[in-house]
Amino acid sequence: MMNKIIAIANNKGGSGKTTVAINLAGYLSTKGEVLLIDADPQGSVCDWNRARNKNDKSALKHKKLTVEEKPHPQKKLKQISQIKGYDFIVIDSPPEDAKIMRTALVVSDYAIIPISPSPLDIRSAFITIKTIREGLDSRAIKINPAILISKKVIGTTLADDVRADLKPFKLPLLKSEVGQRIAYVESTIYGQTIFEYAPGSKAAKEFKKLGKEVIKWVS
Ligand SMILES: Nc1ncnc2c1ncn2[C@@H]1O[C@H](COP(=O)(O)OP(=O)(O)OP(=O)(O)O)[C@@H](O)[C@H]1O
Ligand SMILES: [Mg+2]
């Protein structure tokens, strides 16, 4: 079994990385065995997992989802390709720490860069976008990147501006978008994915669409 390693990265804090990592890992676990790794020393995924473990087992649907108990040390991130037994490994990476982010990008096959569509957030994400663009151009990394519009305020056209602003970097953008929705925040508090917390919600529907697009992309 070949792992497909997917990093969720953006140096900009609060862009929705952890939320995307958790829910994408949940979605992918409906297609195969998934390991969710917390490469962020803040340990947000681990916090979520601790809340998760307090749930009644019947509330947890993702039987093929494994979550690492502790933040993954940076030193061990380089050996990630040696981990066997999973179809997908999802890495949540930290903001601000360019070194860990870079390592995550080097060891991964794919990177999703969630960007919240506001001009300031786009500017802040440029470090990540440039790191990827230059890494690819110099062949220092071999990753397949894609930008994801995340936390989009529904009914605004800001996402269209983002698409235009990002054009010069010639990086693919995912068609699916993640809206700014309270259900994502609530599900995280309870240590659940959106598919467990509110399976019939608009959030779950849009995230399923994203999941399907990602599956197609990595297949
Ligand atoms: N799609 C969304 N809709 C509404 N709230 C969201 C959404 N995505 C994330 N949030 C909320 O925004 C905050 C930041 O999200 P999250 O922790 O996923 O971002 P992050 O990029 O991982 O942050 P950090 O850089 O600190 O690791 C959290 O309170 C989270 O619940
Ligand atoms: Mg995070």
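Residues are numbered from 1 along each chain as its sequence is written, and chains are lettered from A and ligands numbered from 1 in the order in which they are written. Because the model is predicted, local features need pLDDT of at least 70 and side-chain atom pairs count only at pLDDT 80 or more, whereas totals for chains, interfaces and linings use all residues; side-chain values use heavy atoms, with hydrogens and water left out.

Helices (H or I, at least four residues) and strands (E, at least two) are DSSP runs, numbered from the N terminus. The strands include six that form an open sheet in the order E3-E2-E4-E1-E5-E6, with parallel pairing; two strands are taken to pair if DSSP finds at least two bridges between them. Strand E3 (65-67) and strand E6 (144-149) are the edge strands, each pairing on one side only. On average, neighbouring strands of this sheet are turned by 20 degrees against each other, direction ignored. Axes are lines fitted to C-alpha atoms, for helices over the stretch in contact, and angles run from 0 to 180 degrees between N-to-C directions. In general, strands of a sheet pair through backbone hydrogen bonds, either parallel or antiparallel.

Strand E5 (residues 110-115) pairs in the parallel sense with strand E1 (residues 4-8) over three bridges. Across this pairing, Ile6 stands opposite Tyr110 and Ala7 stands opposite Ala111. E5 also pairs with E6 in the parallel sense, over six bridges, and Ile149 in E6 is the bridge partner of Ile115. E5 is largely enclosed by the rest of the structure, because six of its six residues are buried (under 20% relative accessible area; exposed is over 50% and partly exposed in between, with a 1.4 Å probe and protein chains only). Tyr110, Ile112 and Pro114 point one way from E5, while Ala111, Ile113 and Ile115 point the other way.

Helix H1 (residues 17-28) has twelve residues, which at 1.5 Å a residue should span 16 Å; the C-alpha atoms at its ends are 16 Å apart, in agreement. The expected span is 1.5 Å times one less than the number of residues. H1 lies across E1, strand E2 (34-38), E3, strand E4 (88-92), E5 and E6, and runs at about 170 degrees to E4. The helix is mostly covered, with eleven of its twelve residues buried; among them are Lys17, Asn23, Gly26 and Tyr27. Thr18, which lies in H1, counts as buried because its relative accessibility is 19%. Leaving aside neighbours within four places in sequence, Thr18 is in contact (heavy atoms within 4.5 Å) with Ser44, Val45 and Asp92.

A nonpolar core is a set of buried Ala, Val, Leu, Ile, Met, Phe, Trp, Tyr and Cys residues joined through side-chain atoms within 4.5 Å. The largest such core has 35 residues, and those with the most contacts inside it are Ile6, Leu28, Leu36, Ile194 and Phe207. Not counting residues up to four places away in sequence, Ile6 touches several residues, including Leu24, Leu28, Val90, Ile112 and Val218. Another core, of 19 residues, lies apart from the largest one and includes Ile113, Ile115, Val162 and Leu171.

Six aromatic pairs are found in a search of the whole structure. Rings of Phe, Tyr and Trp (its six-membered ring) pair if their centres lie within 6.5 Å, and planes under 30 degrees apart count as stacked, over 60 as edge-to-face and the rest as tilted. Tyr184 and Phe207 form an edge-to-face pair, 6.2 Å centre to centre with 65 degrees between the planes. This pair links distant parts of the chain, with Tyr184 in helix H7 (residues 182-189) and Phe207 in helix H9 (residues 202-218), 23 residues apart. Tyr184 is buried, at a relative accessible area of 5%, and Phe207 is buried at 0% relative accessibility. Phe207 also forms an edge-to-face pair with Phe195, 6.2 Å centre to centre with 75 degrees between the planes. Phe195 lies in helix H8 (residues 194-197), twelve residues apart from Phe207, and is buried with a relative accessible area of 13%. Ring pairs link Tyr27, Tyr184, Phe195 and Phe207 into a cluster.

Met2 lies in the segment before E1 and counts as exposed, at 74% relative accessibility. Met2 and Ile83 are 81 residues apart in sequence and 9.8 Å apart in space, C-alpha to C-alpha.
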